[in-house]
Amino acid sequence: MFIQKSLLTVALSFISLIPAFSGNPGPGCREDKEWKEKILAEKIAFFTSELELTPEEAQVFWPVYNQLQDERAKYHHEARTCMKLLEASIDNGDDESEIKALLDNYIEAAEKCDNMRKKTHEEISKVLSERKTAKLFITEERFMMKKFKSLKEKN
């Protein structure tokens, strides 16, 4: 379980770096927005197909899923920010008490990320069957691997 969580954390971190490897100028640029929109369109098509969502299911699924993704991204960003602050504190030679406080903040933020799987299960199973909810987790993994593979082939 720990290895799966670690791999997911690394994968999510890696996804955030894709614009850097794809030749896009960076966050906030028009090309970055277009790239994100393209990935989102691919994701929607892939998920809808893999989950075999009916139009009715898609109508209730996507708003819930998107809200959960926004929350997951917020927690992931928070954890990355905490990690950067922790790293800077160590590099600056800050005292142990400050490092401990920053480490506690990082662990708390990382736990919020980890808890999103459970929350996703709880919320999605309210709008989809357990079978389709389980397929969602599999589909997320497949989509991420598909993107990694295409990025690797591109580079």
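**View 1. Where helix 3 meets helix 5.** In this predicted model, Glu57, Phe61, Tyr65, Gln69 and Arg72 of helix 3 touch Lys132, Leu136 and Glu140 of helix 5. Contact here means heavy atoms within 4.5 Å, and helices (H or I, at least four residues) and strands (E, at least two) are DSSP runs, numbered from the N terminus. Sorted by class, this contact holds 3 nonpolar, 1 polar and 4 charged residues. For these classes, Ala, Val, Leu, Ile, Met, Phe, Trp, Tyr, Cys and Pro count as nonpolar, Asp, Glu, Lys and Arg as charged, and the others, Gly among them, as polar.

**View 2. How helix 3 passes helix 5.** The two helices pack at an angle of about 50 degrees, and their axes are 14 Å apart. That angle makes helix 3 oblique to helix 5. Axes are lines fitted to C-alpha atoms, for helices over the stretch in contact, and angles run from 0 to 180 degrees between N-to-C directions. Angles under 35 degrees count as roughly parallel, over 145 as roughly antiparallel, 65 to 115 as roughly perpendicular and the rest as oblique. The crossing of helix 3 and helix 5 is right-handed; a crossing gets that name if the near helix is turned clockwise from the far one by less than a right angle, and is left-handed if anticlockwise.

**View 3. Glu140, a buried residue in helix 5.** Look for Glu140 in helix 5, which covers residues 130-154. Is Glu140 buried or exposed? Glu140 counts as buried because its relative accessibility is 13%; buried means under 20% relative accessible area, exposed over 50%, and partly exposed in between (1.4 Å probe, protein chains only). Setting aside neighbours within four places in sequence, Glu140 is in contact with Phe47, Tyr65, Gln69 and Arg72.

**View 4. Helix 3 alongside helix 4.** Now turn to helix 3 (residues 55-91) and helix 4, whose axes come within 9 Å and cross at roughly 165 degrees. The pair is therefore roughly antiparallel. Their crossing is left-handed. The residues of this contact divide into 20 nonpolar, 4 polar and 7 charged.

**View 5. Lys112 in helix 4.** Lys112 is part of helix 4, which takes in residues 96-124. With a relative accessible area of 27%, Lys112 is partly exposed. Which residues does Lys112 contact, leaving aside its neighbours within four places in sequence? They are Tyr75 and Glu78. Lys112 and Glu71 are 41 residues apart in sequence, and their C-alpha atoms are 9.6 Å apart in space.

**View 6. Glu52 in a loop.** Glu52 sits in the loop between helix 2 (30-51) and helix 3. Glu52 has a positive phi of about 50 degrees, although it isn't a glycine. Glu52 is exposed, at 54% relative accessible area.

**View 7. Stepping back to the chain.** The protein chain has 5 helices and 0 strands. Of its 155 residues, 31% count as buried. Among contacts between residues at least 6 apart in sequence, 69% join residues at least 24 apart.

**Notes on the views.** Residues are numbered from 1 along each chain as its sequence is written, and side-chain values use heavy atoms, with hydrogens and water left out. As the model is a predicted one, local features need pLDDT of at least 70 and side-chain atom pairs count only at pLDDT 80 or more, while totals for chains, interfaces and linings use all residues.
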